[in-house]
Amino acid sequence: MPNPNNEKINKKTLSAFIDYLKDHGWVLKATNNLSVLFNIRDGVTLNDDSISGLFYQWANRNSYLNIEYEDHWWNTIRRRLPFVIGEAFQPAVEPELFVPLSSGVLAVNTYKRYVKDEPANGFNPDPALWIEFIERLFPQETDRKIVCDWMAHMLQRPDQRPSWHLLFTGDTGTGKGVLFEHILTPLLSGQTASLDSFAKLTEKHSTTLASNMLIHLDDVSTNSDSQMTRLKSILSEEWQQIRPLYEPERSARVYARIILSSNQPRPLRLDENERRWYAPEFMQHKADRQETQLFIQNRLLPWVSCGGLDVIYEWLMTRDLSQFNHKYVPQSDCLRRMISDSVSILEMQVREWVADNQAF
């Protein structure tokens with residue numbers, strides 16, 4: 001006959017162990033015909049037999065040295081742990097850990113919000129270096145306001161996808177890549193992607209749009225009319241058809257914003273009524289490339305890495321967006337010049353063909 005005191009200790013121990021599993025991100029996840037232990041924080045998947053190993057690791061750390069794992073505990077653990085069938089990307093200012101699906105089951109929300117660090121001793125919280133950086137990139141006040149509002153909206157309202165995006169052109173080394181890699185990517189908790197071709201964005205098995213907050217098209221160009229048409233849909237539509245590898249095609253809501261950066265004055269052919277891009281003025285060095293690099297490497301980036309990122313985050317999160325329209329932006333002077341310089345795809349192809357076939 002079991003000792004009632006031992007049974008009480010076992011129930012208390014089991015409850016503490018289940019709380020430990022929940023606190024450390026363990027859930028039950030459906031996969032094929034099985035359910036497995038899945039960690040929503042680091043993506044680790046374990047089979048049923050691993051539960052005893054997790055228990056003894058926890059028990060040793062908490063001085064439960066004489067407690068034995070009992071097989072019937074597994075059924076209790078299965079009842080108490082959250083059960084999920086997959087993952088979903090659902091941004092929000094206060095994101096929920098689990099996303100209810102239309103079928104009545106749960107998915108793990110993979111969206112991560114920026115978490116501030118403790119500032120370093122003696123850190124200067126003055127955003128002057130950040131302001132100087134964006135003034136170098138966008139010396140015109142109108143450009144600077146629109147771009148900063150767009151970036152702030154990405155953090156303040158991650159669930160509202162704009163129908164217009166940013167088209168950066170400028171000299172090499174002005175800081176376009178620094179803005180994406182060292183500032184926006186960590187502010188978005190790494191939920192970004194940098195692509196060097198449109199094909200990587202538009203190929204049929206790409207899930208880049210559905211799993212990121214920001215996509216950087218780094219010095220890309222295209223002369224394909226069909227790809228330009230596909231790009232227009234990607235820029236403006238909130239729902240996209242995706243086909244992950246080995247999965248059926250489905251419609252997914254996307255939240256990804258897009259920045260296209262180029263060293264060319266006109267990287268794309270643009271229609272006269274183009275409203276999907278906002279193009280600030282062509283970026284130039286304040287003095288020369290060396291002076292810009294010294295500012296970025298010796299002043300800006302050390303400040304960013306020591307706590308400046310938190311300052312930029314607060315600066316963007318407290319920015320007033322009452323006049324910001326994520327569905328409309330006026331054409332900039334720079335964009336209008338790009339439009340006037342654009343030529344048709346047919347003309348581009350004829351020029352290329354003639355250049356390669358001088359006698360015909």
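## Nonpolar cores

A nonpolar core is a set of buried Ala, Val, Leu, Ile, Met, Phe, Trp, Tyr and Cys residues joined through side-chain atoms within 4.5 Å. Buried means under 20% relative accessible area, exposed over 50%, and partly exposed in between (1.4 Å probe, protein chains only). The model is predicted: local features need pLDDT of at least 70, side-chain atom pairs count only at pLDDT 80 or more, and totals for chains, interfaces and linings use all residues. Residues are numbered from 1 along each chain as its sequence is written, and side-chain values use heavy atoms, with hydrogens and water left out.

The largest nonpolar core has 49 residues, of which Trp130, Phe133, Trp150, Met151, Leu179, Leu187 and Trp303 touch the most other members. Two or more residues each come from helix H4 (128-137), helix H5 (141-156), strand S7 (165-169), helix H6 (176-187) and helix H9 (289-317). H9 gives the largest share, 12 residues. Helices (H or I, at least four residues) and strands (E, at least two) are DSSP runs, numbered from the N terminus. Leaving aside neighbours within four places in sequence, Met151 is in contact (heavy atoms within 4.5 Å) with Trp130, Leu179, Leu184 and Leu316. Another core, of 27 residues, lies apart from the largest one and includes Leu201, Ile258, Leu268 and Leu335.

## His285

His285 sits in the loop between strand S13 (277-278) and H9. His285 counts as buried because its relative accessibility is 17%. Not counting residues up to four places away in sequence, His285 touches Asp171, Thr172, Gly173, Thr174 and Thr292.

With Thr292, the His285 side chain makes a side-chain to side-chain polar contact at 2.8 Å. A polar contact is a pair of N or O atoms within 3.5 Å; within protein, one must be able to donate a hydrogen and the other to accept it, and residues adjacent in sequence count only if both atoms are side-chain atoms.

## Pockets

On a 1 Å grid over the protein atoms alone, a pocket is an open set of points with protein on both sides within 12 Å along at least five of seven lines, whereas a cavity is a set where a 1.4 Å probe fits but cannot get out; lining residues have an atom within 4 Å of a point. Grid points are joined across faces, edges and corners, and a volume is the space filled by probe spheres set on the points.

The largest pocket has a volume of about 1,300 Å³. Its lining has 46 residues, with Glu87, Ala88, Phe89, Val108 and Thr110 nearest the centre. The second largest pocket holds about 210 Å³. Among its 16 lining residues, Lys176, Gly177, His216, Asp218 and Ser261 are the closest to its centre. H6 gives the most to this lining, with 5 residues. The lining of the second largest pocket divides into 2 nonpolar, 10 polar and 4 charged residues.

## Cavities

There are 3 cavities of 30 Å³ or more. The largest cavity holds about 70 Å³, and its lining includes Tyr111, Arg113, Leu187 and Tyr313. The second largest cavity holds about 40 Å³. Helix H8 (residues 225-236) gives the most to the lining of the second largest cavity, with 4 residues.

Technical notes:
Nonpolar A, V, L, I, M, F, W, Y, C, P; charged D, E, K, R; others polar.
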